[in-house]
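Please open the model in your viewer and keep the selection panel at hand. We will go from stop to stop, and at each one you will hear what to select and what is there.

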Amino acid sequence: MLARYDSKNVLIGSALTILATALSLLVVDIVFPGIDLSTFPAALVGGGAIGIVNAVVKPVISLLSLPLTFLSLGAFSLIVNGFCLWLAALLVPGFKVSGLLSFLLAPVLLSFINTLLSKYFADKFPSYVTDEK
């Protein structure tokens with residue numbers, strides 16, 4: 001059976017995803033000194049920018065860097081993730097990524113926290129985040 005998409009559910013689901021990413025960014029800002037977020041609205045815009053960069057730019061970079069990722073047994077994907085975070089930070093005023101440690105490890109923590117928050121939102125609001133009703 002095909003899932004029926006309601007524009008309201010898609011909009012609220014997207015807002016919850018951006019909110020989870022923004023909250024994750026705020027935690028990463030606390031943990032890594034090289035990540036600098038000036039305000040909560042910058043974190044929200046940063047969450048949207050990360051989503052756009054991950055949807056548009058990251059697949060292309062991942063495909064082009066596939067030989068390096070294969071040769072490094074997947075370690076090069078850390079650089080791809082760091083580059084995508086840095087690129088998103090370039091697009092958002094009030095969001096800055098500096099330092100090698102932040103470039104390489106902040107995306108790992110961001111993904112971990114974002115996964116936990118997304119799971120929480122999916123459990124709390126299942127009709128907005130998943131296809132099941």
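Start by selecting helix 2 (residues 40-64) and helix 4 (residues 76-91). In this predicted model, helix 2 and helix 4 pack with their axes 9 Å apart, at an angle of about 135°. Axes here are lines fitted to C-alpha atoms, for helices over the stretch in contact, and angles run from 0 to 180 degrees between N-to-C directions. The helices themselves (H or I, at least four residues) are DSSP runs, numbered from the N terminus. Helix 2 and helix 4 are therefore oblique to each other; angles under 35 degrees count as roughly parallel, over 145 as roughly antiparallel, 65 to 115 as roughly perpendicular and the rest as oblique. The crossing in which helix 2 passes helix 4 is right-handed, meaning that the near helix is turned clockwise from the far one by less than a right angle.

Now show the side chains at this contact (heavy atoms within 4.5 Å). From helix 2, pick Ala49, Ile50, Val53, Asn54, Val57, Lys58, Ile61 and Ser62; they meet Val80, Asn81, Phe83, Cys84, Leu85, Leu87, Ala88 and Leu91 of helix 4. By class, the residues of this contact between helix 2 and helix 4 are twelve nonpolar, three polar and one charged. Ala, Val, Leu, Ile, Met, Phe, Trp, Tyr, Cys and Pro count as nonpolar, Asp, Glu, Lys and Arg as charged, and the others, Gly among them, as polar.

A word on the ground rules: residues are numbered from 1 along each chain as its sequence is written, and side-chain values use heavy atoms, with hydrogens and water left out. Local features need pLDDT of at least 70 and side-chain atom pairs count only at pLDDT 80 or more, while totals for chains, interfaces and linings use all residues.

Stay on helix 4 and select Phe83 and Trp86. These two form a tilted aromatic pair, 5.7 Å centre to centre with 40° between the planes. Rings of Phe, Tyr and Trp (its six-membered ring) pair if their centres lie within 6.5 Å; planes under 30 degrees apart count as stacked, over 60 as edge-to-face and the rest as tilted. Because Phe83 and Trp86 are three residues apart in helix 4, about one helical turn separates them. Phe83 is partly exposed, with a relative accessible area of 30%, and Trp86 is partly exposed at 33%. (Buried means under 20% relative accessible area, exposed over 50%, partly exposed in between, with a 1.4 Å probe and protein chains only.)

Next, go to Tyr120 and Phe121. Their ring centres are 5.8 Å apart and their planes are at 55°, so this pair is tilted. Tyr120 is partly exposed at 45% relative accessibility, whereas Phe121 is buried at 9%.

Select helix 1 (residues 7-31) and helix 5 (residues 100-124). Their axes come within 8 Å and cross at roughly 140°; helix 1 and helix 5 are therefore oblique to each other, and their crossing is right-handed. The contact of helix 1 with helix 5 has 14 nonpolar, four polar and no charged residues.

Look for Ile18, Leu25 and Leu26, among others in helix 1, and for Phe40, Gly46, Gly47 and Gly48, among others in helix 2. This contact has ten nonpolar, four polar and no charged residues.

Leaving aside its neighbours within four places in sequence, Ser102 is in contact with Phe32, Gly34, Ile35 and Pro107.

Last stop: Leu73, in the loop between helix 3 (66-71) and helix 4. Leu73 has a positive phi of about 55° although it is not a glycine. Most residues other than glycine have a negative phi. Leu73 counts as exposed, at 80% relative accessibility.

Notes:
Helix = DSSP H or I, 4+ residues; strand = E, 2+ residues; numbered from the N terminus.
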